[in-house]
Structures are given as C-alpha cells and as structure tokens.
Amino acid sequence: MNGLQDSALSVNYVRQLADQLQDMGVDVARWLGDQGFAARDLEHAEKLMSWDLFCPLLEQALALTDEPALGLLFGQRLRVNSHGIVGYAAMNSSSVREVLQVVSRFLPLRIGLVTMRLVERGRYLDLCIEESRPLGALQSQVVGAIVVALKNVIDFISLGRCTIARVAFVSPPVAGDRAETLLACPVNYRQAWSGFSVRVEQADQPLTNGDPDAFRQACQLCEREIRKMRAQLSVRAQVRGLMLSRQPAFPSLSETAAALHMTTRTLHRRLQEEQVSFQEILDEVRRGLAMEYLKRRDITIKELGYTLGYHDTANFRRAFKRWTGLSPLQFRQAPGS
C-alpha cells in the first residue's frame with residue numbers, strides 16, 4: 001500500500017466495504033485472501049490503497065454478491081466520522097456550501113479516484129464529480145457510493161434542512177430504481193456530468209452546529225497533510241496528477257508551473273533532473289487515458305480524440321499508433337480489449 005499513488009483511497013473505506021460484504025454473508029477472509037490481502041492490512045486507516053490494488057477487490061465483491069447496487073449500499077453505511085479529518089472539518093463548517101468546498105479541496109487525503117468542483121447554475125449549486133482516471137465498468141459503483149456518502153454528510157450536518165434536489169450520472173442505470181429510493185430525489189442517467197445539486201438558498205443557510213475555531217484548526221491540519229503528500233511526490237508525479245485532475249482541459253506548461261508554485265523555468269529544470277519532459281508526461285497521460293477509454297464502447301474514436309485535446313482526429317490516430325504500434329480501431333478490436 002502506497003500513500004503516493006495519484007489514484008488511491010483510504011484503507012478505512014476498504015475496511016468499511018469488508019464490513020458491508022460481511023453483512024451480506026460474504027466470506028471476507030477469503031475475499032481478501034484471493035487478492036493477496038489479510039484483515040491486518042486494513043488496520044491502518046491513515047494509509048491509502050492504490051486503485052490498481054483496490055480495483056480487483058471491488059470487481060470480486062460485485063461478482064460474489066451479484067448486487068448491482070453494491071456501491072449505493074456501501075455509500076449508505078458511511079457517516080461523517082468515516083471520512084477522518086476531512087469529515088471533522090466538514091462537521092464544523094458554517095454552511096453546506098462550505099462543506100462541499102472543504103470536501104472538494106481536501107478530497108485527495110481520502111480518495112484520489114475522482115476530483116470535484118462546484119458550479120453555481122441559477123438556483124442550483126452543482127457538485128460535479130469527475131474521474132481522475134477512467135474507472136471503466138466500476139465508474140457507476142464508485143460515483144454512486146460517493147454521492148450517497150455525501151448525502152449522508154449533508155443530511156447529518158444540516159439536520160435535514162438542506163436536501164439533495166437532483167442527481168445526475170454519466171453511466172446508464174445499473175440498479176434499477178434503487179438509486180432514486182436511496183437518494184430520495186430524481187435521478188437522471190446518461191447525463192453530461194455526474195454529481196448532484198442542492199438549492200443555493202439551502203446551501204447558504206447558516207449551520208448552527210459549526211465551530212469556527214475547530215473548522216480552522218481542521219483545515220490547517222488538512223493543509224499540512226496535503227503539503228506533506230505533495231512534498232513526497234516527484235515533480236513528474238505532481239505534474240501527472242495535475243493533468244489527470246484537470247482532464248480533459250489539460251493545463252499548459254505555464255499553467256502547470258503556476259499550480260505547483262514554480263516558475264516555468266524551474267519546472268522545466270526540475271523535470272530535466274528527473275530525465276523527463278512536460279510533453280512526455282502529457283503523452284503518457286493521454287496514452288493511458290486513450291487505452292482505458294477505448295475499452296469502453298460508448299465513445300467514438302473522434303469523440304475520444306477531441307476529449308484528449310486533438311481537434312483533428314487524424315492527429316490523434318497518428319499519435320496513438322506512435323504510442324502503441326496500433327491504430328485506435330485496431331486496439332479496440334484486439335482480443336481482450
């Protein structure tokens with residue numbers, strides 16, 4: 001387990017998933033053992049587990065339970081105290097808007113699989129959840145769990161005075177009408193974005209249980225942990241993580257340098273010291289995303305090229321063939337893709 005992965009989640013969530021599976025009658029020791037883990041590996045809640053390790057666990061959990069609503073049920077069991085210091089900061093916020101700002105800002109301390117951004121559209125404040133890396137067939141499970149878990153946080157902190165008005169999922173429905181039942185609001189699928197909306201007037205209502213001093217101290221602790229996490233990352237990993245969090249609008253060299261609090265010259269020099277260029281990292285990220293997205297059948301090659309920043313599909317095809325030796329169509333049609 002490695003806290004330096006750019007796509008990771010708190011081991012505490014894996015332990016909570018184990019509890020969910022046990023409640024559903026699954027032999028948890030065998031579930032963990034089949035993937036090379038033991039219960040003791042889930043004892044350190046401050047650690048992060050990489051997506052590459054968690055993905056097979058989640059896939060096997062779905063196979064063992066045959067429960068398409070597993071992500072929703074898992075999210076339902078998570079409470080404010082499931083989210084560590086980020087949950088504590090949220091609990092002492094002055095409004096639901098501030099809760100969502102805190103969660104979006106410090107999310108990497110708990111989960112690196114997605115990023116979040118707030119968008120105010122008329123009467124609604126939308127929390128948009130975006131993949132830091134393609135989650136493939138597991139996207140609906142991960143995003144569903146996050147939406148339900150955040151609903152629990154909002155319900156608890158606002159004492160029911162702020163409710164989720166609507167939910168959107170990019171994916172098609174996987175659990176029938178279970179999501180609408182659990183979320184108690186309209187749920188729309190195959191949308192342009194995933195996330196949920198709250199009404200602005202509710203999001204900005206003062207929360208009576210907020211503690212400004214405790215909130216400030218919790219945010220300071222979160223900031224220290226974020227800085228510590230970033231300091232342990234190579235510059236290459238920081239650049240890659242930033243690209244993944246901003247995709248499909250990949251930042252330029254100057255924008256990346258500004259985000260990392262460096263000059264463009266310093267960033268260029270630091271990358272040279274690590275024997276890599278900015279363009280090589282961008283190509284690496286684009287290649288990984290392209291290979292993941294091509295495994296899905298719901299996006300055309302033209303759409304994928306545009307998503308990755310290629311306005312000319314021919315340029316995307318040439319780049320992909322340079323990376324892999326195959327055209328995008330050949331890769332998509334290859335066995336096992």
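The legends below describe close-up views of one predicted model.

Residues are numbered from 1 along each chain as its sequence is written, and side-chain values use heavy atoms, with hydrogens and water left out. Because the model is predicted, local features need pLDDT of at least 70 and side-chain atom pairs count only at pLDDT 80 or more, while totals for chains, interfaces and linings use all residues.

**View 1. Arg190 has a positive phi.** Most residues other than glycine have a negative phi. The phi of Arg190 is near 55°. Arg190 sits in the loop between β6 (187-188) and β7 (194-199). Strands are DSSP runs of E with at least two residues, helices are runs of H or I with at least four, and both are numbered from the N terminus. Arg190 counts as exposed because its relative accessibility is 63%. The cut-offs are under 20% relative accessible area for buried, over 50% for exposed, and partly exposed in between (1.4 Å probe, protein chains only).

**View 2. Gln275 also has a positive phi.** The angle is about 60°, and Gln275 is not a glycine. Look for Gln275 in the loop between α13 (264-273) and α14 (278-294). Gln275 is exposed, at 75% relative accessibility.

**View 3. Pro251 is a buried loop residue.** Its loop runs between α11 (235-246) and α12 (253-259). Pro251 is buried because its relative accessible area is 4%. Not counting residues up to four places away in sequence, Pro251 touches Leu242, Met243, Arg246, Thr256 and Phe278. Contact here means heavy atoms within 4.5 Å. Val239 is 12 residues from Pro251 along the chain, and their C-alpha atoms are 9.5 Å apart.

**View 4. Tyr88, Met91 and Phe156 make a nonpolar surface patch.** The patch covers about 290 Å². Patch residues have over 30% relative accessible area and no salt bridge; like charges are joined within 9 Å, and nonpolar side chains (Val, Leu, Ile, Met, Phe, Trp, Tyr) within 5 Å. A salt bridge puts a side-chain nitrogen of Lys or Arg within 4 Å of a carboxyl oxygen of Asp or Glu. Areas come from the Shrake-Rupley method with a 1.4 Å probe; for residues, only the protein chains shown count as cover. Tyr88 lies in helix α5 (residues 84-91). Tyr88 is partly exposed, at 39% relative accessible area.

**View 5. The model has zero disulfides.** A disulfide needs a pair of cysteine sulfur atoms within 2.5 Å. For Cys162, the nearest cysteine sulfur is that of Cys185, 12 Å away. Cys162 is buried, at 1% relative accessibility. For Cys219, the nearest cysteine sulfur belongs to Cys222, 6.1 Å away. Cys219 is buried at 11%.
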